[in-house]
Amino acid sequence: MRPSGVQAGGRASGLFQRWLKRRIPAASQVRLNHRQIFIIPSRAGLALLLLLGVMLIGAINYQNSLVYAVTFLLGSLFWVSLHHTYRNLASLELHASGSHAVFAGEAAPLHIRLLAPRHEHQALTLGWPQTQPQRLDVGKDSDTRVDLYHPTQQRGWFSPGRLRIETRYPLGWFVAWSLVDLDWKVLVYPKPLSVPLPPRRRAGAEEGDQPLGEGVDDFQGLRNYQPGDSRRRLDWRAYSRGQGLHSKVFAEPVQDTLWLDLEQTPGADLEQRLSYLCGWVMQLEQQSRPYGLVIGGTSFGPAVGEQQRDQCLRALALYGRPA
């Protein structure tokens with residue numbers, strides 16, 4: 001049984017997340033205004049407030065006009081800094097501009113555009129708690145593009161959560177921030193494991209009855225010369241006897257299609273089997289070998305190429321997960 005303090009903290013966090021979802025709903029683009037921006041004094045600001053309180057008490061006790069002047073001057077700067085810090089975030093536009101699939105364990109690239117239609121925004125910080133924050137400035141009327149990265153751990157659809165954007169400009173006495181959900185969705189493939197390919201499963205061809213394709217192993221005969229044929233394969237003897245120009249034809253067995261089947265894949269658990277399949281798909285693509293995949297009652301291929309690879313990796317990533 002969990003301690004009551006942990007349960008209370010979990011309930012409070014849940015209530016805050018629901019409130020935040022209503023106040024700043026998920027969207028692919030956001031324009032910051034007073035509803036999305038939060039602002040409080042920083043540690044430096046709180047220290048300044050404490051100092052101003054001490055100075056004011058001293059000025060009252062000693063009736064020192066100079067201390068009064070310095071106190072009210074710093075207090076005015078403190079108040080003006082509040083508005084400038086808020087203004088440094090207000091009206092900034094954030095647009096999610098996509099991402100691309102990665103393998104589990106890699107950092108997912110998340111592309112974002114920042115627009116400043118009214119004024120420039122300086123000393124901005126963007127990031128998530130698990131990432132290194134990125135600092136930048138956005139000039140007025142500029143279209144600033146930034147690539148952020150978030151680590152991934154599991155296959156399937158990945159959402160990085162709410163992005164924190166904050167500023168302490170100009171004096172560092174206040175911190176203004178917003179937590180925006182730009183509705184990113186990144187497809188994460190299983191982590192590929194490098195293991196030897198499984199035994200080949202042939203479809204339709206009996207042992208010793210494999211189809212042949214053009215290769216370099218066995219001499220099959222002659223054919224009429226075609227532009228582009230290698231000079232090393234020309235039959236110069238026949239040409240010297242006046243029989244015309246012919247090219248030698250060689251053949252080798254056509255490579256069998258390799259079928260990958262989740263049910264026949266070894267492994268300690270489902271995730272390891274999916275990682276084996278993912279690694280085999282990448283190996284076969286590098287070798288340009290045709291292959292097929294059977295998973296969850298669905299088959300893909302046989303084929304080879306970018307479309308086949310993407311279909312198979314997507315099926316592996318979403319197996320048993322919401323599509």
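The side chain of Thr 265 has a polar atom 2.6 Å from the backbone oxygen of Asp 261. In this predicted model, Thr 265 sits in the loop that runs between strand S15 (258-261) and helix H5 (270-287). Thr 265 counts as buried because its relative accessibility is 7%, under the 20% limit for that class. Leaving aside residues up to four places away in sequence, Thr 265 touches Arg 273, Tyr 276, Leu 277 and Trp 280.

**Whole chain**

- Six helices and 17 strands are found in the protein chain.
- The chain has 323 residues, and buried residues make up 36% of them.
- Of the contacts between residues at least 6 apart in sequence, 65% join residues at least 24 apart.
- The accessible surface of the protein chain is about 19300 Å², and carbon and sulfur atoms account for 53% of that surface.

**Aromatic rings**

- Nine aromatic pairs turn up in a search of the whole structure.
- In the pair of Trp 19 and Phe 38, the ring centres are 6.0 Å apart and the planes meet at 45°, so the pair is classed as tilted.
- Trp 19 counts as partly exposed because its relative accessibility is 33%, whereas Phe 38 is buried, with a relative accessible area of 17%.
- Trp 19 and Phe 38 also belong to one aromatic cluster with Phe 16 and Trp 177.
- Elsewhere, Lys 185 lies over the face of Trp 157, at 4.8 Å from the ring centre.

**Strands S5 and S8**

- Strand S5 (residues 107-115) runs antiparallel to S8, and nine bridges join the two.
- Arg 113 has Arg 145 in S8 as its bridge partner.
- The side chains of strand S8 (residues 143-151) alternate between two faces.
- Thr 144, Val 146, Leu 148 and His 150 point to one face of S8 and are buried.

**Backbone geometry in loops**

- The peptide bond that joins Tyr 169 and Pro 170 is cis, with omega about 10°.
- Pro 170 falls in the loop between strand S10 (163-167) and strand S11 (174-180).
- Gln 63 is not a glycine, yet its phi is positive, at about 50°.
- The loop between helix H2 (43-62) and helix H3 (65-87) holds Gln 63, which is exposed, with a relative accessible area of 57%.
- Ser 288, another residue other than glycine, has a positive phi near 55°.
- Ser 288 is in the loop between H5 and strand S16 (291-295), and with a relative accessible area of 52% Ser 288 is exposed.

**Segment after helix H6**

- Pro 322 is part of the segment after helix H6 (306-318).
- Pro 322 has a relative accessible area of 68% and is therefore exposed.
- The C-alpha atoms of Pro 322 and Gly 156 are separated by 8.1 Å, although these residues are 166 residues apart along the chain.

Notes: Residues are numbered from 1 along each chain as its sequence is written. This is a predicted model: local features need pLDDT of at least 70, side-chain atom pairs count only at pLDDT 80 or more; totals for chains, interfaces and linings use all residues. Side-chain values use heavy atoms; hydrogens and water are left out. Helices (H or I, at least four residues) and strands (E, at least two) are DSSP runs, numbered from the N terminus. Buried means under 20% relative accessible area, exposed over 50%, partly exposed in between (1.4 Å probe, protein chains only). A polar contact is a pair of N or O atoms within 3.5 Å; within protein, one must be able to donate a hydrogen and the other to accept it, and residues adjacent in sequence count only if both atoms are side-chain atoms. Contact means heavy atoms within 4.5 Å. Accessible areas come from the Shrake-Rupley method with a 1.4 Å probe; for residues, only the protein chains shown count as cover. Rings of Phe, Tyr and Trp (its six-membered ring) pair if their centres lie within 6.5 Å; planes under 30 degrees apart count as stacked, over 60 as edge-to-face and the rest as tilted. A charge sits over a ring if NZ of Lys or CZ of Arg is within 6 Å of the ring centre and within 35 degrees of the ring normal. Two strands pair if DSSP finds at least two bridges between them.
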